[in-house]
Amino acid sequence: MTPPNPISTELCPEELERYARQIGPGVFSVEGQLRLKNSAALVTRVGGMGGPASLALVMAGVGKVTIAHGDNLISPDLNRQVLGSEAVLGKPRATHFAEYLRSMNRFVEVEAIDHEPDDDEAQQLAQRVDVILSCPPGFEERMRLNRVAVRAGVPLIDAAQWGMTGTLIVVDPGKTACLQCVYPQQPEFEELFPVVGGISAAVGALASLEAVKILSGTGRPMYGKLWMIDSYQGQTSIVDLQRNPNCPCCGAVSS
Ligand SMILES: [Zn+2]
């Protein structure tokens, strides 16, 4: 693991030029952009949702983006994994995706982890980032990221997809419901579930927006909400989540 960069106190003229369209009323202040530069985000995994999410974080200027994803890229991934290409088929995803991300913004640092972190590694990672974007397909990994985020007191953005539907949950540990409050029992996991790339990209992009709002101190993060997007039926809804005082993950944690 690499040590964190020293804190930057200003943006250079080239950075101000790069981010010119996102600094101003309704977007980031210069101070907010600087906060992004001094922030670190963990994205795991970087498939259909985590790929667009990490790309948007890098392009927005989040100072350090760590991506984690095991295995090589395979053909069925390319209906949604925008960081990949046919040239990367059969090659390790994380290292190649990181290379692409680095090519998009020289002002940020991208770290690649070529596997899914276990409990210990995930906890160590959680302790050195400012936000976690949870984008794995299965509940076991999602719950692991939820646990380490709650323990480390780091905001968690949980993104999920199925078919043409997606959900987003934003957790402020100790203050709002965690993932385990919402799903006390892990639903059955379908290994090869259907998914269309557009919904993956949409949910991933929304996850990145929540992250940059939190990191920069801009706008109103959707803490304590479940955002459900059902593109198949053409419906979207936002639900207020309640904490479970007996939640085995966050019940004993107070703000
Ligand atoms: Zn909880």
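The predicted model contains an open sheet of eight strands. Its order is β3-β2-β1-β4-β5-β6-β7-β8, and the pairing is mixed. Strands pair here if DSSP finds at least two bridges between them. Strands (E, at least two residues) and helices (H or I, at least four) are DSSP runs, numbered from the N terminus. The edges are held by β3 (109–113) and β8 (235–240); each has a single partner strand, so one side of each lacks a neighbour in the sheet. From one strand to the next, the twist averages 15°. Angles run from 0 to 180 degrees between N-to-C directions, with axes as lines fitted to C-alpha atoms, for helices over the stretch in contact.

Strands β7 (residues 225–230) and β8 run antiparallel and are joined by six bridges. Lys225 stands opposite Asp240 in β8. Helix α4 (residues 93–104) packs on the sheet and touches β2 (64–68) and β3. Contact requires C-beta atoms, placed from the backbone, within 7 Å. The direction of α4 makes about 175° with that of β3.

Most residues other than glycine have a negative phi, and most peptide bonds are trans. The bond from Thr44 to Arg45 is cis, with omega near -5°. Arg45 lies in the loop between β1 (40–44) and α3 (50–60). Asp71, not a glycine, has a positive phi of about 70°. Asp71 lies in the loop between β2 and α4.

Residues are numbered from 1 along each chain as its sequence is written. In this predicted model, local features need pLDDT of at least 70, side-chain atom pairs count only at pLDDT 80 or more, and totals for chains, interfaces and linings use all residues.

Conventions: Contact = placed C-beta atoms within 7 Å.
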